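Please keep both in view while reading.

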Amino acid sequence: MAPRRTTLLALTTGITLLATAGCSSSFGDGGDTEQKTGGKQELTVLIGTSGEAETAAVRAAASAYEEESGNTVDVQVASDLNQQLGQAFAGNNPPDVFYVETHQFANYASGGSLYPYGEHITDVEDFSATLRQSFTYDDQLVCVPKDTSSLGLVVNDDLWEQAGLTPDDYPATWDDLRRVAGELTDGSVTGLVTSSEYQRLGAFMRQAGGWITDPAQTTMTADSPENLQALEFVQGMLQEGTWKFATEVDAGWAGEAFGKGTAAMTIEGSWLAGALETDFPGIDYTVLPLPEGPAGPGTLAFTNCWGVAQQSAHRDAAVDLVDFLTRPDQQIAMGNAFGAVPSRESAAADYLAEHPGTEAWGASGDGVQGPVTVGGFDRVLGQFNTDLESLRTADPARILADLQSYGEAALGAGN
């Protein structure tokens, strides 16, 4: 038990220090950065990309903006987005516009690094309310979501048919999933391959009626019978060998295993479409809603937002760029390029109508769970992901008890 107490103490100390550092800056006070107005402005954009298709799409949109505005845009691709952003902020030289991941949003917002520009975006209420809430801090919409995706169960059509399965066998429940995964597992092919992260396995917690926190993100709800039921279900399939993690099949991520044909099914979001088109164009696949659990349907929603640096000397031009990048036509173009579902509801409806069979990636409603965006919670979730790597042989109850303790420490630190 001593190592666990030491880990918790270290985690709690780190959370407390992060809270202190984050609150040392005032939020949205305009800063002292002298603003450049008028004339040709040079903007820098830093992105973390899912692959060549996304990078090309962002650069194409930036070029279109240059033609329209007269400004110039330098799109830079980060090898480690959060590390590079942290270094840039520490050096007082951040990019003007950048991707902000949900688990880092509250840290940046509470530390005063983000310029809150939401009220300046055209038709801002066209963005999904759930997604807007993910990027709201102190009752201000700080940044707008660039796109979105929910998780779907993706099936390799050829392997499905080879196993003697038909569309009537598409899994609607956990029991169905367990059955077809068993029938698809044969030799070098595993029925279901995913990452080991809560960003995939957490969908089963939602389907069981559980989640990590309450909806207000003020109370931990991790150590619950519902979450235990979900992890025990996943563990059972792992032990049967019909579900494996990507690292167990010599793949960098589940999409690679799916593309290589060593995974008959995977659970991924719309970014998989762009990756398959680029790296494995010959794969025929079907995207299905995730099977329902004891509490009904459940999936996870993912997004990043377009952050604008408080320290930028080009804030007005940066907001103008974001407004351009999030126009319906630009969002649809991004979706066509790499599979990202638009975050504007009007554009999402048009995009999904033009791409039949991808509806599961644009799921909406009560069964869609947004991310945890509490400041400092990225450390908690990082430890949770580490623990989940050993789920096959670990005690799920212990994993959830530790998550509960770590999360309570984070919430108690004032994040």
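The structure is a predicted model, in which local features need pLDDT of at least 70 and side-chain atom pairs count only at pLDDT 80 or more, while totals for chains, interfaces and linings use all residues. Residues are numbered from 1 along each chain as its sequence is written, and side-chain values use heavy atoms, with hydrogens and water left out.

**Confidence**

- The average pLDDT of the chain is 90, and 92% of the residues score at least 70; pLDDT is the predictor's confidence in each residue, from 0 to 100.
- Over residues 1-30 pLDDT stays under 50, and the model has 47 contacts beyond four places in sequence for this stretch; a contact means heavy atoms within 4.5 Å.
- Where pLDDT is low, the predicted coordinates should not be read in detail.

**The five-stranded sheet**

- An open sheet with mixed pairing is formed by five strands in the order β2-β1-β3-β14-β6. Helices (H or I, at least four residues) and strands (E, at least two) are DSSP runs numbered from the N terminus, and two strands pair if DSSP finds at least two bridges between them.
- β2 (72-77) and β6 (144-145) stand at the edges with a single partner strand each, so one side of each has no neighbour in the sheet.
- β6 runs antiparallel to strand β14 (residues 304-308) and is joined to it by two bridges. P145 has C305 as its bridge partner in β14.
- Helix α2 (residues 52-69) lies across β1 (42-47), β2, β3 (97-101) and β14, and runs at about 170° to β2. Axes are lines fitted to C-alpha atoms, for helices over the stretch in contact, and angles run from 0 to 180 degrees between N-to-C directions.
- Helix α4 lies across β3 and β14, at about 115° to β3.

**Strand β9 and its partners**

- In strand β9 (residues 190-194), five of its five residues are buried; buried means under 20% relative accessible area, exposed over 50%, and partly exposed in between (1.4 Å probe, protein chains only).
- β9 runs parallel to strand β11 (residues 263-268), with three bridges joining them; T190 stands opposite A263 in β11.
- β9 also pairs in the parallel sense with strand β10 (residues 243-245), over three bridges. Here L192 has W243 as its bridge partner.

**Aromatic pairs and charges over rings**

- The model holds 13 aromatic pairs. Rings of Phe, Tyr and Trp (its six-membered ring) pair if their centres lie within 6.5 Å; planes under 30 degrees apart count as stacked, over 60 as edge-to-face and the rest as tilted.
- F89 and Y108 form a tilted pair, 5.5 Å centre to centre with 50° between the planes. Because F89 lies in helix α3 (residues 81-90) and Y108 in helix α4 (residues 102-110), the pair ties together parts that are 19 residues apart in sequence. F89 and Y108 are buried.
- W174 and F233 form a stacked pair, 4.5 Å centre to centre with 20° between the planes. W174 belongs to helix α7 (residues 174-184) and F233 to helix α9 (residues 225-240), so this pair ties together parts 59 residues apart in sequence.
- W174 is buried at 8% relative accessibility, and F233 is buried with a relative accessible area of 8%. Ring pairs link W174, F204, F233 and W243 into a cluster.
- R200 lies over the face of F302, at 5.5 Å from the ring centre, and R315 lies over the face of Y115, at 5.1 Å from the ring centre. A charge sits over a ring if NZ of Lys or CZ of Arg is within 6 Å of the ring centre and within 35 degrees of the ring normal.

**Buried helices**

- Helix α12 (residues 315-325) has nine of its 11 residues buried, so it is largely enclosed by the rest of the structure. Among these buried residues are R315, D323 and F324.
- In helix α11 (residues 271-279), the buried residues are L272, A273, G274, A275 and L276. Their cover includes β8 (152-156), α10 (254-260), β11, β12 (285-288) and α13 (328-338).

**Two buried serines**

- S113 is placed in the loop between α4 and α5 (129-134) and counts as buried at 15% relative accessibility. Beyond four places in sequence, S113 touches F89, Y108, V308, A309 and Q310.
- S270 is found in the loop between β11 and α11 and is buried, with a relative accessible area of 1%.
- The C-alpha atoms of S270 and F338 are separated by 8.1 Å, although these residues are 68 residues apart along the chain. Residues that S270 touches beyond four places in sequence include T148, F338 and W361.
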